[in-house]
Amino acid sequence: MATKSHITLALQLVVVALVLSIANGKGLKLGFYKKTCPRAEAIVKSITASKISLAPSLAAPLLRMHFHDCFVRGCDGSVLLNSTKNNQAEKDGPPNLSLRGFQIIDAAKTAVEAACPGVVSCADILALVARDAIQQIKGPAWPVPLGRRDGRVSIASESRTLPPPNANITQLKSLFASKGLNAKDLVVLSGGHTVGTSHCSTIASRLYNFTGKGDTDPSLDSDYVPFLKSKCKPNDRTTLLEMDPGSFRSFDDDYYTMVSKRRGLFQSDAALLDDKKTSAYVKLQAQSHGSTFFSDFKDSMVKMGKIGVLTGKAGEIRKVCTLVN
């Protein structure tokens, strides 16, 4: 009976993934603004390059912003909207309070609006900025099909549906499958943790109270725990930890080496070793110095950028990214 229910669930996930893969990205195409705003992509690239050259640490938050946008209501720029008197927006939801780099999106939008008023969406600008920022720190450059429209709805509570840092492998695979992404996309996109930082509060329970008995998460390398505890004291909510110590500003394959050594920062990183497919991928990249990581990351980012997009006459083209027209 249990076997039959597992098969049924697996088939349901496959059907959901197939439906989403067909629906996701419909209406997007490369060079979408070639006639209506031919310099759009070059303008965004120039603005991003100038900003990231001054603050390279913003590349990781911009990638994360794109991810958070796409996983809530699809890639519709809803994460960029400000809260109003009557509505708390996504950016004020708990998982998004640490997002940074909104000023770069605004600068790019202002420059594009000056060239082509009311043509290029904020959702497209965010997708381009995320790509260009990662390329600026020596990461891969993936093709970004364009034509997204901006959403008019942004609800803070919906941000709680984002994959949490303490998620287990079953939860992660289910969350990604619900967006049309498979186990390979999960382990590949997790590689984005090779850049950036996170607050000590996100791993406090792993270090000091994993099961409520003052213990440490046994999935963490015991030799690594003293180092983390030296950085993060109990109840520390302000100190920042490097996601990939030693190369947190460099987009590379070191993340997989850290995870394979049981030194991934989050429980969701450690969870990648709990599945046959994701574990095999982690070990392959760790042993081969990321032989296929950049290529795979490009493919998965293209897929992610197509999640639940609004195209055609759906949504709108915002004049200002923080406000609905």
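Leaving aside its neighbours within four places in sequence, which residues is Gly290 in contact with? Asp253 and Gln285, where contact means heavy atoms within 4.5 Å.

Quick housekeeping. This is a predicted model, so local features need pLDDT of at least 70 and side-chain atom pairs count only at pLDDT 80 or more, while totals for chains, interfaces and linings use all residues. Residues are numbered from 1 along each chain as its sequence is written, and side-chain values use heavy atoms, with hydrogens and water left out.

Okay, back to Gly290. You'll find Gly290 in the loop between helix H12 (276-287) and helix H13 (293-304); helices here are DSSP runs of H or I, at least four residues, and strands are runs of E, at least two, numbered from the N terminus. Gly290 counts as buried because its relative accessibility is 14%. For the cut-offs, buried is under 20% relative accessible area, exposed is over 50%, and partly exposed is in between, with a 1.4 Å probe and protein chains only.

Next, Asp124, which sits in helix H5. Why does Asp124 count as buried? Because its relative accessibility is 0%. Its side chain makes a polar contact of 2.7 Å with the side chain of Arg148. By polar contact I mean a pair of N or O atoms within 3.5 Å; within protein, one must be able to donate a hydrogen and the other to accept it, and residues adjacent in sequence count only if both atoms are side-chain atoms. Not counting residues up to four places away in sequence, Asp124 also touches Tyr33, Leu146 and Gly147, among others.

While we're on H5 (residues 122-136): H5 packs with H3 (residues 59-71) at about 145°, axes 8 Å apart. Those axes are lines fitted to C-alpha atoms, for helices over the stretch in contact, and angles run from 0 to 180 degrees between N-to-C directions. On the H3 side the contact includes Leu62, Met65 and His66, and on the H5 side Leu126, Val129 and Ile134 are among the residues.

Most residues other than glycine have a negative phi. Asn235, not a glycine, has a positive phi of about 70°, and lies in the loop between helix H9 (225-231) and strand E2 (240-242). At 74% relative accessibility, Asn235 counts as exposed. Arg262 also isn't a glycine, and has a positive phi of about 60°. Arg262 is in the loop between helix H10 (254-260) and helix H11 (267-270), and at 36% relative accessibility counts as partly exposed.

That's my tour, thanks.
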